[in-house]
Amino acid sequence: LDELKVYRGALTDAMVLSDYNAAACGITPPAPPANFNCVESGADASTGHLYTKLVGTAFSFDVAALKADGTVEATYASDVNKPVTVELVDGSGATACASRTAISPAVSQTLTFAAANVGRKAAAAMTVNKAYANLRCRVTDANQSPSIVGCSTDNFSVRPLSLQATSSANADGAGISGTATPAVKAGASFSLTATALAGYDGTPKVDSSKLAAHAGAIQAGSLGGSFGAGDPGTGVATGNFAYSEVGYFNFAANGIYDDTYTTVDSAGDCTNDFSNSPVGGKYGCLFGNTSTTNYFGRFIPDHFTVVTPVPFAAGCLAGGFSYMDQPFSTSLSASIEARNTVNAKTRNYNGATFGKAVVSVQMENNNSGTPIPGARL
């Protein structure tokens, strides 16, 4: 026992002497980091950012062991290799780093630091297959007790590549048929759906400047309505809309879009466009339908209206008209308009395809709504 005490004392003295000699020779002994950070490759280890990522597209970033002053702890793992756990966690709110919820399915890896890494190392490529509006990177070093846990100072988004637009008004995707069903009255409610993928809970918007009517239409109608937030379980957002015209309409690329999902990156960590190709390592902040949609419709008039005032004058009805079998020597000339649910004229109710109905006319007294028996044109 006495010999063991002497041996332990000698060993302790040797360790102290070793540290003293290392310092005397200008060699800094290894030190644990005060924190960790995750930044884009080549960015400042303390203040660098993480850029917007795309769902299903592999990416990587640098992991840095930091001193208390924010500089890199270059001696980290200079004595022995140090494995750390790198994972992606929810980035919202002010929750303590160690208490943040890891995403599911988990995106995690073990990253092993060696002396040659001098406190900074690139993580292995990782891929996220769901959309997330707000994430952070978390690094856990369990090589000592208590563990050292650090989260990235910057948040980032993993966004969908696109939105796919569909509708309950889906009579003819080519926008040609004048008989296909379902038929929706102009101005009546129908649904538009924007589908991304699981995790997406954003709220799409409509760019009316990218709306076009069917071929041969006199004008494009107006589209009213809005989307609700996407269901994160399915990535589907649905809204109720109304189209003012007859026929069909569609959207050019990015007519249905989202410009707020990547808000945590909008101050320079993504570009103000729809690009799915990186420029300087940055993707576009926005995403939408990537090509022209099918046509939505078929929209038909809600009702017909006789335009007033209408004078009694010589018209196109040969032989005039009669009331209770008493003939009149002149004919009644009237203009009949196809209108939508808010009583606005639909200019696209014309031509052989969309304005082909034969309109029957009945007479009534003082717009009562009740036909006059025996009155005919």
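Phe-61 touches Cys-38, Val-39, Leu-50, Val-86, Leu-88, Lys-121, Ala-122, Ala-123, Met-126 and Cys-137, leaving aside residues up to four places away in sequence; a contact here means heavy atoms within 4.5 Å. Phe-61 is buried, at a relative accessible area of 1%, where buried stands for under 20%, exposed for over 50% and partly exposed for the range in between (1.4 Å probe, protein chains only). Its place is the loop between β2 (53-54) and β3 (62-66). Helices (H or I, at least four residues) and strands (E, at least two) are DSSP runs numbered from the N terminus. The C-alpha atom of Phe-61 is separated by 9.6 Å from that of Tyr-51, 10 residues apart along the chain. Lys-282 lies over the face of Tyr-51, at 5.1 Å from the ring centre; the criterion is NZ of Lys or CZ of Arg within 6 Å of the ring centre and within 35 degrees of the ring normal.

This is a predicted model, in which local features need pLDDT of at least 70 and side-chain atom pairs count only at pLDDT 80 or more, while totals for chains, interfaces and linings use all residues. Residues are numbered from 1 along each chain as its sequence is written, and side-chain values use heavy atoms, with hydrogens and water left out. The protein chain averages a pLDDT of 88, and 84% of the residues score at least 70; pLDDT is the predictor's confidence in each residue, from 0 to 100. Over residues 3-20 pLDDT stays under 50, and the model has 0 contacts beyond four places in sequence for them.

The structure holds 19 aromatic pairs. Rings of Phe, Tyr and Trp (its six-membered ring) pair if their centres lie within 6.5 Å; planes under 30 degrees apart are stacked, over 60 edge-to-face, and the rest tilted. Two of the pairs are tabulated.

| Pair | Centre to centre | Angle between planes | Class |
|---|---|---|---|
| Tyr-76 and Phe-113 | 5.3 Å | 65° | edge-to-face |
| Phe-249 and Phe-299 | 6.0 Å | 25° | stacked |

Tyr-76 lies in the loop between β3 and β4 (82-90) and Phe-113 in strand β5 (residues 108-113), so the pair ties together parts 37 residues apart in sequence. Tyr-76 is buried, with a relative accessible area of 0%, and Phe-113 is buried, also at 0%.

Phe-249 and Phe-299 are both buried. Ring pairs link Phe-190, Tyr-243, Phe-249, Phe-251, Phe-296 and Phe-299 into a cluster.

Strands β17 (residues 247-251) and β20 (residues 296-300) pair in the antiparallel sense over 3 bridges; strands pair if DSSP finds at least two bridges between them. Tyr-248 has Gly-297 in β20 as its bridge partner.
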